[in-house]
Amino acid sequence: MALKIGLQLYSVREPMAVQPVETLQKILEAGYRYLEPANARAGQDPGIGWGLSAEKLLEILQPYGARVSSAHVGPLDESTLPSIVEYHSTIGNRNIVQAIEFYTGYDHLMRRCEDYNRIGKYLVEHGMNPLLYHNHYHEYQMFRDKPALYHMLENTDPRYVNFEVDTGWVKRAGRDPLEEMRHVGNRLRIIHIKDFAHTPPNLLLGKEEPISWETFGANSQPGDVMHPEDFTELGAGIMNIQEILDTADALGAEYAVLEQDESAKDILESIAISYQNLRTYKNIEL
């Protein structure tokens with residue numbers, strides 16, 4: 001079954017912050033039909049962010065046959081989940097994603113796994129799919145001689161928790177994206193795809209201590225792939241996009257979502273180029 005190609009709206013966060021409606025229209029005109037917003041203010045806005053109501057969003061998307069196929073939303077807790085579910089049920093999205101998390105140690109990780117199970121159970125009981133967890137590089141930090149992500153796989157219930165593997169961040173952790181997708185196996189539901197202009201340095205080499213918000217940002221040093229010129233359009237860099245797509249497809253993932261964190265070009269131009277480049281790949285649905 002072909003992977004549906006989406007766009008993570010974090011990629012276009014700057015134009016979205018200024019002109020959300022106009023920016024969405026430009027994305028749709030570029031060809032994207034599956035969108036994944038990123039909203040870290042669910043306490044104030046349970047939807048996709050930028051103050052767009054469910055009704056307004058549907059008004060924008062429906063003429064193009066487009067939809068929200070998944071969403072990074074947070075914080076996810078007892079106070080926000082009801083309104084998040086209500087909004088996303090209205091727009092037809094069933095995939096809610098935990099976008100990022102930091103762990104102070106093994107015990108904290110285990111407590112959060114319990115939380116993920118509880119959140120995922122709530123989602124499933126209210127008509128949604130299981131909670132998805134989206135990785136960065138630091139989920140490969142070691143706790144008790146095992147990457148945090150592997151502990152998560154073992155200590156979350158597949159009925160309630162599955163995974164969105166960001167292949168670019170896996171690469172940043174010094175891991176093989178193909179091997180890590182296979183490790184997640186049939187719990188892989190969505191992948192993030194991105195391309196780098198050059199081979200990125202390993203951010204976790206020799207590091208086993210916990211990563212925090214502060215130290216996560218501190219890794220953005222010269223030479224790290226955290227700068228506009230280090231990213232490039234899909235197919236123009238060092239990532240083997242076709243192999244990544246083929247592996248995700250074979251494992252039963254449904255979506256492959258472009259997330260380009262930065263761009264040396266105008267970001268709307270860049271994502272349009274990536275969309276055109278995607279036409280050369282197999283096993284996808286644009």
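User: Which residues form one aromatic cluster here?

Analyst: Phe-102, Tyr-137, Trp-169, Trp-213 and Phe-216 do. Before we go on, this is a predicted model, where local features need pLDDT of at least 70, side-chain atom pairs count only at pLDDT 80 or more, and totals for chains, interfaces and linings use all residues. Residues are numbered from 1 along each chain as its sequence is written, and side-chain values use heavy atoms, with hydrogens and water left out.

User: How many aromatic pairs does the rule count?

Analyst: A pair of aromatic rings is described by the distance of the centres and the angle of the planes. Rings of Phe, Tyr and Trp (its six-membered ring) pair if their centres lie within 6.5 Å; planes under 30 degrees apart count as stacked, over 60 as edge-to-face and the rest as tilted. That rule gives nine aromatic pairs. Take Tyr-116 and Tyr-133: the ring centres are 5.6 Å apart and the planes stand at 50°, so this pair is tilted. It joins distant parts of the chain, with Tyr-116 in helix α5 (residues 106-125) and Tyr-133 in strand β7 (residues 131-134), 17 residues apart. For those names, helices (H or I, at least four residues) and strands (E, at least two) are DSSP runs, numbered from the N terminus.

User: Are Tyr-116 and Tyr-133 buried or exposed?

Analyst: Buried means under 20% relative accessible area, exposed over 50%, partly exposed in between (1.4 Å probe, protein chains only). Tyr-116 has a relative accessible area of 1%, so it is buried. Tyr-133 is buried too, at 2%. Now try another pair: Trp-169 and Phe-216 are tilted, at 5.6 Å centre to centre with 40° between the planes. Here Trp-169 belongs to helix α7 (residues 167-172) and Phe-216 to helix α9 (residues 213-218), 47 residues apart. Trp-169 is buried at 6%, and Phe-216 is buried at 12%.

User: Which rings have a charged end of Arg-13 or Arg-144 sitting over them?

Analyst: A charge sits over a ring if NZ of Lys or CZ of Arg is within 6 Å of the ring centre and within 35 degrees of the ring normal. Arg-13 has its charged end over the ring of Tyr-10, 4.0 Å from the centre. For Arg-144, the ring is that of Tyr-106, at 3.8 Å from the centre.

User: How do I read the largest pocket, and what lines it?

Analyst: On a 1 Å grid over the protein atoms alone, a pocket is an open set of points where a 1.4 Å probe fits, with protein on both sides within 12 Å along at least five of seven lines; lining residues have an atom within 4 Å of a point. The largest pocket holds about 750 Å³ of space. Its lining has 29 residues, and the closest to its centre are Tyr-10, Ala-99, Ile-100, His-136 and Trp-213. Helix α9 gives the most to this lining, three residues.

User: What does Gln-141 touch, leaving out residues up to four places away in sequence?

Analyst: Contact means heavy atoms within 4.5 Å. Gln-141 touches Tyr-103, Lys-146, Pro-147, Ala-148, Leu-204, Glu-209, Pro-210 and Ile-211. This residue lies in the loop between β7 and β8 (142-143), and at 0% relative accessibility Gln-141 counts as buried.

User: And where is Ala-30 found?

Analyst: Ala-30 is in helix α2 (residues 20-30). Ala-30 is buried, with a relative accessible area of 18%. Setting aside neighbours within four places in sequence, Ala-30 is in contact with Ala-272, Tyr-275 and Gln-276.

Note on methods
Points joined across faces, edges and corners; volume = space filled by probe spheres on them.
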